[in-house]
Every structure is written in structure tokens, then in C-alpha cells.
Amino acid sequence: MSAIPLKLHERAQVPLKIAHRQEQGKGLVGQLRRSGGQVPGVLYGHKQAPYAFKTDAHEFEQILSKGGQNSTITVEHEDGKESEGALIREIQYHKVRGHAMHLDLLRIDPSETLKAEVPLVTVGVPEGVRNGGGALQQTLTSIEVESVVSEMPAAVEIDITSLIIGDSLHVSDLLDQEPRITTDPVRTIVNILAPRLSTSDEEEGEEEAGEESGGEEESQE
């Protein structure tokens with residue numbers, strides 16, 4: 001199997017305005033979303049005290065809809081504090097409605113080295129699916145990368161067009177092109193599976209097997 005084309009997507013710089021949050025406790029924090037249209041969060045890291053904040057829910061949802069979860073966040077403080085760089089570390093979502101309920105931001109220094117999970121995106125229809133009737137099975141949708149923060153990709157894209165039936169792509173197959181990947185090399189990314197027999201084919205096979213066994217019994221008699 002030849003090398004799979006690999007492409008790195010650069011991280012966008014996205015501003016996020018935040019305000020200091022006085023509200024503490026589950027009840028008061030819950031009211032932020034219901035009555036004030038705010039999402040609560042915590043900014044932490046770099047040996048600084050955690051900073052409780054709130055941000056406009058609508059604006060934050062807009063950021064997420066444009067891929068902001070894999071962007072570098074420029075935190076803009078409404079109280080005039082100096083802006084800070086951050087990454088989105090965790091978002092808690094409402095189990096039913098799906099909107100963001102809480103946000104964790106990690107302070108960063110653009111020159112520091114950090115490990116982060118980034119999306120692993122496949123493009124193209126494999127040869128084994130397009131012309132061989134096979135099925136694509138993708139078992140890995142994100143990958144860990146260790147990189148200087150300013151060079152951390154937003155996503156790793158791989159072109160799987162050339163894969164045929166029986167091919168399996170592993171993390172180890174990407175390391176020559178992107179040695180900063182730290183996910184276990186033996187992990188499987190995709191498999192191209194052989195086509196399954198149709199119902200009629202299966203029934204025909206069963207009938208043939210029955211005829212063969214019946215013939216054997218007659219010959220024994």
C-alpha cells in the first residue's frame with residue numbers, strides 16, 4: 001500500500017469575550033443560561049488561580065458552529081485585563097437539548113509544547129468501496145498530536161481514495177509524514193471490508209450445501 005496523502009489544517013484565531021462570574025453553586029449557575037443567555041466557564045492553567053467567567057451563549061454557539069472547538073481562543077476580558085490565549089479543553093452539553101452548559105478553557109503560551117486531541121478527517125471514496133462493493137469501517141476519528149501550540153493543527157486530513165478491499169490503515173502508516181502524532185501506532189484508523197453476501201446468495205449457498213450433503217447420504221446407502 002502506497003503512502004496515504006496527508007494534509008494538516010491550520011488553527012484559526014477566534015476571539016471570545018468573557019466577564020467575571022460572581023454566581024457560584026449549581027442553582028445560580030444554571031440560571032445564567034435560563035434567564036441571562038450566558039454560558040458559565042472556568043479559565044485555568046499556567047499555575048494561575050482558576051478564573052470563573054461567563055460568556056454570551058449565542059456568540060459561543062456561533063463560534064462552535066464555525067469549528068471553534070478546534071481553534072485557538074483569544075480571551076478578551078470585559079474588565080480590561082490583558083487578553084490571553086487559550087484552548088477549549090471541555091464543553092458540557094445539555095443531555096436533551098444539546099446546547100452548551102459549561103466551558104473549560106486552558107491558558108496557553110504560543111511557544112510551549114502541548115499534547116492535544118485533534119479531529120482525524122477522511123476524504124475520498126475508497127477504490128474498494130467505489131468499484132469493489134466493499135464497506136468502509138472507520139474506528140478512529142481523532143488523533144493525539146504533540147506540538148508547539150502555535151503550530152498545533154486544527155485537524156489531520158487523510159485521502160483514502162486509493163484503498164482497496166482488504167486494506168487496513170494504521171496510525172503507524174502516517175508517522176513518516178507527521179512524526180508529531182503520539183497516538184499508539186498500532187491503532188487502526190480504517191478497514192475496507194469485503195462485500196457481504198446478499199440474502200439470495202446466502203440462500204443459494206445453503207441450498208447447494210444441502211444438496212451436497214444429501215448426495216453424500218444417498219451414496220452411503
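Student: Okay, which residues does His9 touch, not counting residues up to four places away in sequence?
Tutor: His9 touches Pro153, Ala154, Ala155 and Glu157. Keep in mind that this is a predicted model.

Student: And where is His9 itself?
Tutor: Look in strand 1, which covers residues 6–9.

Student: How far apart are the C-alpha atoms of His9 and Val156?
Tutor: They are separated by 6.4 Å, although the two residues are 147 residues apart along the chain.

Student: What joins the side chains of His9 and Glu157?
Tutor: A polar contact of 2.8 Å.

Student: New topic, salt bridges. How many are there in the whole structure?
Tutor: A search finds three. One of them is between the side chains of Arg107 and Glu84, at 2.8 Å from N to O. Arg107 is in strand 7 (residues 100–107) and Glu84 is in strand 6, so this pair ties together parts that are 23 residues apart in sequence.

Student: Are Arg107 and Glu84 buried or exposed?
Tutor: Arg107 is buried, with a relative accessible area of 5%. Glu84 is buried as well, at 16%, because the cut-off for buried is under 20%.

Student: What does Arg130 form a salt bridge with?
Tutor: With Glu127, and the closest N and O atoms are 2.6 Å apart. Arg130 and Glu127 are three residues apart in helix 3 (residues 127–130), so about one helical turn separates them. Arg130 is partly exposed, with a relative accessible area of 42%, and Glu127 is partly exposed at 28%.

Student: Which side chains meet in the bridge with Arg180?
Tutor: Those of Arg180 and Glu178, at 2.8 Å from N to O. Here Arg180 is partly exposed, with a relative accessible area of 22%, whereas Glu178 counts as buried at 6% relative accessibility.

Student: Let's go back to strand 6. What about Ala86, buried or exposed?
Tutor: Ala86 is found in strand 6, and at 0% relative accessibility it counts as buried.

Student: So what is Ala86 in contact with, leaving aside its neighbours within four places in sequence?
Tutor: Its contacts are Leu43, Thr72, Ile73, Val75, Leu105, Leu106, Arg107 and Ile108.

Student: How many of the lining residues are nonpolar, polar or charged?
Tutor: Three are nonpolar, two are polar and three are charged.

Methods
Residues are numbered from 1 along each chain as its sequence is written. This is a predicted model: local features need pLDDT of at least 70, side-chain atom pairs count only at pLDDT 80 or more; totals for chains, interfaces and linings use all residues. Side-chain values use heavy atoms; hydrogens and water are left out. Ala, Val, Leu, Ile, Met, Phe, Trp, Tyr, Cys and Pro count as nonpolar, Asp, Glu, Lys and Arg as charged, and the others, Gly among them, as polar. Helices (H or I, at least four residues) and strands (E, at least two) are DSSP runs, numbered from the N terminus. Contact means heavy atoms within 4.5 Å. A polar contact is a pair of N or O atoms within 3.5 Å; within protein, one must be able to donate a hydrogen and the other to accept it, and residues adjacent in sequence count only if both atoms are side-chain atoms. A salt bridge is a side-chain nitrogen of Lys or Arg within 4 Å of a carboxyl oxygen of Asp or Glu. Buried means under 20% relative accessible area, exposed over 50%, partly exposed in between (1.4 Å probe, protein chains only).
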